[in-house]
Amino acid sequence: MMAACGLLCGGCEIRRMPFDDEAARVTIDWYQEKGWLTKDQGVKEAIEKNMVCTGCHGDRKTHWSSDCWILKCCVDDKNLRHCHECVDFPCNQLVEWSKQNAGYAKALERLTKLKRR
């Protein structure tokens, strides 16, 4: 499963949290560290608060980042599945986003390869 932005969802701990104990531990620890959950809250509370993700084409109530600008542009505004399907690909905003970290850069590279096909 691939997000609209090219990130691979299978390795995402937030996506795996409801059914993977190790992913749940990492995610809940991070949520607690950020102050989004208290120390006595766990997976049950994260799910109740919709702090899970069913992917870019799933229910927005269960998307980790339902206010994501890429999701809004690609899926909502342009009705595409992935950014590489856009006539403006790669847009300046996506290129700048990809410079934030290696994972984002890899996602843009993945989309670029798909565009070439």
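Colleague: Which conventions apply to the values?

Modeller: This is a predicted model, in which local features need pLDDT of at least 70 and side-chain atom pairs count only at pLDDT 80 or more, while totals for chains, interfaces and linings use all residues. Residues are numbered from 1 along each chain as its sequence is written, and side-chain values use heavy atoms, with hydrogens and water left out.

Colleague: How is a helix assigned, and what span should α2 have?

Modeller: Helices are DSSP runs of H or I with at least four residues, numbered from the N terminus. The expected span is 1.5 Å times one less than the number of residues. For α2, residues 21-34, the 14 residues should span 20 Å, and the end C-alpha atoms are 20 Å apart, which agrees.

Colleague: Which residues of α2 are buried, and where do they lie around the axis?

Modeller: Buried means under 20% relative accessible area, exposed over 50%, and partly exposed in between, with a 1.4 Å probe and protein chains only. An α-helix has 3.6 residues a turn, so residues three or four places apart point the same way. In α2 the buried residues are A23, A24, T27, I28, Y31 and Q32. They cover an arc of only 155° around the axis, and therefore lie on the same side of α2; the arc is that of the directions from the helix axis to the C-beta atoms. Their cover includes α1 (13-16) and α3 (43-48), where contact means heavy atoms within 4.5 Å.

Colleague: What is found at the ends of α2?

Modeller: A polar contact is a pair of N or O atoms within 3.5 Å; within protein, one must be able to donate a hydrogen and the other to accept it, and residues adjacent in sequence count only if both atoms are side-chain atoms. D20 caps the N-terminal end of α2, with a side-chain oxygen 3.0 Å from the backbone nitrogen of E22. After α2 comes G35, whose phi is positive, near 85°.

Colleague: How does α6 read by these criteria?

Modeller: The 15 residues of α6 should span 21 Å, in agreement with the 21 Å between its end C-alpha atoms. Its buried residues are A107, L108 and L111; they fall within an arc of 95° and so line one face of the helix. The face turned away from that buried side carries the exposed residues A102 and R116.

Colleague: What does the helix α5 contribute around S98?

Modeller: S98 belongs to α5 and counts as buried at 8% relative accessibility. A polar atom of its side chain lies 2.6 Å from the backbone oxygen of V95. Beyond neighbours within four places in sequence, S98 is in contact with Y104, A105 and L108.

Technical notes
Helix = DSSP H or I, 4+ residues; strand = E, 2+ residues; numbered from the N terminus.
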